[in-house]
Amino acid sequence: MSNSACSGRWSLLSGAVALSLLAGPALAADPVPQSDLLNAELWMQRSVEYKANALAVYALGRIQLDKALADRNWTAATEQTGNYQDLPPAVVLDLDETAMDNSAYQAGLVTTNGEFSPKTWDAWVKAEKATAVPGAVEFTQYAESKGVKVFYVTNRNADQEEPTRRNAQALGFPMGGNVDTFLMSKEKPDWGSAKGTRRAYIAKDYRIILLFGDNFGDFSDAYNGSEADRLKAFEAVKEHFGRDWLMLANPGYGSFESAPYGHNFKLSADEKRAKKIGALEPWVAPAQ
């Protein structure tokens, strides 16, 4: 090969290398999908902080359960009426992100750049792959050992009850014996997404001593209003939290996330995100 040909080939190779360096890594791989769920699901799946938080809530639950059993006037349910003092005790838990961990489903939405849909959620439920929230099984078993009936009030649909029960049983949750302790959404005509009617149903026969949830709606039916409405409702009942209402952390989803955009799920992802950003109260560093 002549010197001139070699020089020409070297110039072409040098030019290609220079172009690749200028282009950077973006041309070498697909862009990373952007998801509002990323940090939330990373925290729930991988952090020791999440595990510690859940364990602390259920440890407090044991302490409060023992106090409640010693006080026959103790009830956690605003729906509890009449002479309930001699009724057998019960605790009520939400399932998803309170007792059962669905972060794998949520993480799948992150990695596929997808969105929640009833179809994919139904497939997840019927796969029976949910795991237990740290501390939940141990707490419910402790409650059962104390003669306390454990109820699960969930917004999973009635047609998802059987796979839900199998999943919960495989994880070691108490199943209720001859009592139906899995109260699903739409199981009865007046059992919608608001849970007050189901708590009232339990309160007819049991003294509800503790409520566990990850969403304000697991404790109060006033969860689905505006941010101002939610704050007002919270202020009216906040003395319950840490006493007989015990809240698990869930930064992934819930009425907190949809309140800024008026719970209007027909909005586009960008419209929802803009509304959420607009709800923030930021501090911005002064210009240098």
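Visitor: How many helices and strands are there in the chain, and what makes a run count as one?
Guide: The chain has 11 helices and seven strands. Both are DSSP runs, numbered from the N terminus: a helix is H or I over at least four residues, and a strand is E over at least two. This is a predicted model, in which local features need pLDDT of at least 70, side-chain atom pairs count only at pLDDT 80 or more, and totals for chains, interfaces and linings use all residues. Residues are numbered from 1 along each chain as its sequence is written, and side-chain values use heavy atoms, with hydrogens and water left out.

Visitor: What pLDDT does the chain average, and where does pLDDT stay under 50?
Guide: pLDDT is the predictor's confidence in each residue, from 0 to 100. The chain averages 91, and 90% of the residues score at least 70. Over residues 1–22 pLDDT stays under 50, and the model has two contacts (heavy atoms within 4.5 Å) beyond four places in sequence for that stretch. Where pLDDT is low, the predicted coordinates should not be read in detail.

Visitor: How do you know which strands E1 pairs with?
Guide: Two strands pair if DSSP finds at least two bridges between them. E1 has five bridges to strand E6 (residues 207–213), in the parallel sense, and four to strand E4 (residues 149–157), also parallel; both pairs therefore meet the criterion. Val-92 has Leu-211 of E6 as a bridge partner, while Val-91 has Val-150 of E4.

Visitor: What makes E5 and E7 the edge strands?
Guide: The five strands of this open sheet follow the order E5-E4-E1-E6-E7, with parallel pairing. E5 and E7 (245–247) each pair on one side only. For E7 the partner is E6, over three bridges, with Leu-211 opposite Trp-245.

Visitor: Why is a set of 40 residues called a nonpolar core?
Guide: The term means buried Ala, Val, Leu, Ile, Met, Phe, Trp, Tyr and Cys residues joined through side-chain atoms within 4.5 Å. The largest such set has 40 residues, and Leu-65, Val-91 and Phe-212 have the most contacts inside it. Elements that each supply at least two residues include E1, E4, E6 and helix H3 (48–69). H3 gives the largest share, six residues. Leu-65, leaving aside neighbours within four places in sequence, touches residues including Val-91, Phe-139, Tyr-142 and Ile-209. A second, separate core has 19 residues, among them Ala-77, Phe-151, Val-153 and Leu-183.

Visitor: Which residues of helix H4 are buried, and what covers them?
Guide: In H4, Ser-103, Tyr-105, Gln-106, Ala-107, Leu-109 and Val-110 are buried. Their cover includes helix H2 (38–46), strand E2 (100–101) and H5. Asn-113 follows H4 and has a positive phi, near 55°.

Visitor: What share of the contacts in the chain joins residues 24 or more positions apart?
Guide: Among contacts with a separation of 6 or more, that share is 74%.

Note on methods:
Buried < 20%, exposed > 50% of the residue type's maximum accessible area, 1.4 Å probe, protein only.
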